[in-house]
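This report describes the strands and helices of one protein model. The sequence and structure come first, then the details.

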Amino acid sequence: MQVTNFYPEQYKDTLEKDINHNYLAQQFIDYPEIFKKIEQVVRNGDYTLGHAVDEFEKNFAEKINSKYAIGVGSGTDALMLSLKALDIGAGDEVITTPFTFYATIGAIVTAGATPVFVDIEEDYNISASKIEAAITDKTKAILPVHWSGKPCDMDEILTVAKANGLKVVEDSCHGIQATYKDKYAGTFGDFGCFSMHPLKNLNVWGDGGLVCTQDEELACKMRLMRNHGLVDRDHCQVFAYNSRLDTVQAVVADHLLQKIDFITKNRIANAEYLDNALSEIPQVTIPRRDKHHTKQVYHIYSLLFERRDELSAYLASHGVDAKAHYPIPMHLQPAAKQWGYQKGDFPVTEKTCDMTLSLPVHEFIETSQLSKMITLIKDFYA
């Protein structure tokens, strides 16, 4: 098997669409301002865990009412390091969802543990009522994923975790500024993990991640684990990892953090515009929204569409970058064969993967572009 870098062609294909998920040129149109801030990093030479990292961590923690925020190399590292910091590893099981990005499962596996899957509800999030049945004497943690920025049922998840002595690590990589009962996603569990991958709602010029916690001891442990276990230049408390948020990326992230209210507001407005129009089409299923208890921030705007693949090709032929996030669930991936899951094990997840399609709703989508997508979808089914 030959493995090559498939991203350049993917980027090229996306940028050729008139309405696409890649909006980075627009988002960073003010890059000269960022360059000026980065110039100070160059003058200081503090590229590794420099002053800007401390400043961004403080600002991010304040933004979501978290006591502590620790910058790491990626959202994936945030998840993996959180599990390691909770002493979860070989022989342990972590309950999670099969409807997620590969990184969620990869983090569990690279921490040394085994993922145990629980099916989702029709809102695409893990079914909290089914978690208890999956618990064994090897279970050490629950890892809920706030899919597309819609928070999971954290009340029930925390109740199950407390009753069974389990840790909770939130995959909030889609969920900056999402709330559940007026509390921010990523602040409920032992750790909350965020990604700043270029196409996240808060993003940087490469990879970056954050870990949030309310526990001082866990925060100290995370700071050790991201930086080789060093307490100072000459003393190593534990032999650990190198997963530091670069100072340059922290500058970019902090610059964009000042715009996150605008980003969130516009994504929600665009999603609601599409919801209102597409709800009239019988072949389209909008997932359950819970506006009384949650604020969904729409990192991804995905619905269920009949004849999904045909529709996707039709939209692409008209310049719309519609994507399936994701067509193959985690329990049916080649990498998951070792755990013995079969097709039919998680029917709601599998149906969702067969029908899901995502439309761009980022903050730079214009009303005319939303209307074009609506018209195309109506014409396709007509």
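## Confidence and strand pairing

The protein has an average pLDDT of 97, and 100% of the residues score at least 70; pLDDT is the predictor's confidence in each residue, from 0 to 100. Confidence is lowest in helix H1 (residues 7-15), with a mean of 80, and highest in strand E5 (residues 167-171), at 99. The model is predicted, with local features needing pLDDT of at least 70 and side-chain atom pairs counting only at pLDDT 80 or more, while totals for chains, interfaces and linings use all residues. Residues are numbered from 1 along each chain as its sequence is written, and side-chain values use heavy atoms, leaving out hydrogens and water.

Helices (H or I, at least four residues) and strands (E, at least two) are DSSP runs, numbered from the N terminus. Strands pair if DSSP finds at least two bridges between them. Seven strands form an open sheet with mixed pairing, in the order E1-E9-E8-E5-E4-E2-E3. Its edge strands, E1 (68-72) and E3 (114-117), each pair on one side only.

| Strands | Sense | Bridges |
|---|---|---|
| E8 (residues 191-195) and E9 (residues 209-213) | antiparallel | four bridges |
| E12 (residues 284-285) and E14 | antiparallel | two bridges |
| E14 and E15 (residues 356-358) | antiparallel | three bridges |

Phenylalanine 194 stands opposite leucine 210 in E9. Valine 284 has phenylalanine 305 in E14 as its bridge partner, and leucine 303 has leucine 357 in E15.

Strand E14 (residues 302-305) is covered on both faces: Ser302 and Leu304 on one side, and Leu303 and Phe305 on the other, are all buried (under 20% relative accessible area, 1.4 Å probe, protein chains only).

Terms used
Buried < 20%, exposed > 50% of the residue type's maximum accessible area, 1.4 Å probe, protein only.
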